[in-house]
Amino acid sequence: MRAAVTTTYDYRIHYKDSGAIWKLSTFFLEHIPFHSPDLVFFCIGTDRSTGDALGPLTGSRLTEFQAFPFPVIGTLESPLHALNLEQHIKDVYIKTPNAYIVAIDACLGKESSIGQLIVQDGSMLPGLAVGKNLPAVGNVSIKGIVNIGGFMEYAVLQSTRLHLPFEMSRTIARALQLANNRSKL
C-alpha cells in the first residue's frame with residue numbers, strides 16, 4: 001500500500017453549496033494523484049438500501065464517463081459491499097501493489113450535517129455505523145452524510161430517500177471527472 005499524504009485534512013462541503021463541484025474538484029486535484037496509473041476508486045455500498053447506495057451510484061456515474069480512465073470497483077450492477085470488500089482489496093493489491101485507493105461511501109451523522117460531503121486523508125472503516133467489522137480501505141476517503149446516526153442505523157439507512165444519495169453521487173462524480181480533466185491541463 002502506498003503511504004498516505006503526510007498532511008492531514010478534513011474537508012467538508014454541502015453538496016448543494018454554490019460552486020460545490022468546482023470547489024471539490026480543486027480539492028481533489030490537490031489530494032488525489034490523477035497522474036498515477038495506480039489510481040483505483042472503491043465505491044462502497046449496496047443497491048439494496050437506499051441510504052447505502054451513494055457508493056454504487058457514484059461508481060455507476062463514473063463508469064458512464066467515457067473519459068474517466070481509472071478502474072472503478074462498485075457500481076449498481078456490481079456492488080462493492082461487506083460480503084466482497086475484503087476479496088476486492090486483496091485482488092487490487094495483487095494486480096497493483098502500489099494501488100492508491102480512493103474510497104467512497106455513505107455515512108450517518110448529525111441532522112445538521114445531512115448532505116455534507118467529507119474528504120479525509122487516510123482510510124475509512126466501512127460499515128462502522130451498522131456495527132460491521134470490515135477492513136479499513138482507502139488512501140483518501142470521500143464520505144457523504146445521508147441521514148441521522150445514533151439509533152436503529154439499519155432502519156435509518158433503509159428509509160433514507162433515494163434522492164439525497166442520488167444527487168450527492170452526481171456532485172462527487174462530476175467533481176472527480178472535472179478534477180481528472182483539469183489535471184491534464
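This is a predicted model: local features need pLDDT of at least 70, side-chain atom pairs count only at pLDDT 80 or more; totals for chains, interfaces and linings use all residues.
User: Let's start with strand β5. Is it enclosed or open, and why?
Analyst: Largely enclosed by the rest of the structure, because six of the six residues in 116–121 are buried.

User: Which residues sit on each side of β5?
Analyst: Gln116, Ile118 and Gln120 lie on one side. Leu117, Val119 and Asp121 lie on the other. Both faces are covered.

User: Which way does β1 run against β5?
Analyst: Antiparallel, with five bridges joining them. β1 spans residues 10–14. Isoleucine 13 has leucine 117 as its bridge partner in β5.

User: And how many bridges join β5 to β6?
Analyst: Five, and that pair is antiparallel too. Leucine 117 stands opposite glycine 144 in β6.

User: New topic: helix α2. How many of its residues are buried?
Analyst: Nine of 11, so the helix, residues 54–64, is mostly covered. Among the buried ones are Leu54, Pro56 and Arg61.

User: What do they pack against?
Analyst: β2, β3, β4, β6 and α5.

User: Now the largest nonpolar core. Which residues touch the most other members?
Analyst: Phe28, Phe34, Phe41 and Leu176, out of 37 residues. α5 gives the largest share, seven residues.

User: What does phenylalanine 28 touch?
Analyst: Leaving out residues up to four places away in sequence, its contacts include Phe34, Val119, Ile142 and Leu176.

User: What lies apart from that core?
Analyst: Another core, of 14 residues, including Phe42, Leu80, Ile101 and Val137.

Note on methods: Residues are numbered from 1 along each chain as its sequence is written. Side-chain values use heavy atoms; hydrogens and water are left out. Buried means under 20% relative accessible area, exposed over 50%, partly exposed in between (1.4 Å probe, protein chains only). Helices (H or I, at least four residues) and strands (E, at least two) are DSSP runs, numbered from the N terminus. Two strands pair if DSSP finds at least two bridges between them. Contact means heavy atoms within 4.5 Å. A nonpolar core is a set of buried Ala, Val, Leu, Ile, Met, Phe, Trp, Tyr and Cys residues joined through side-chain atoms within 4.5 Å.
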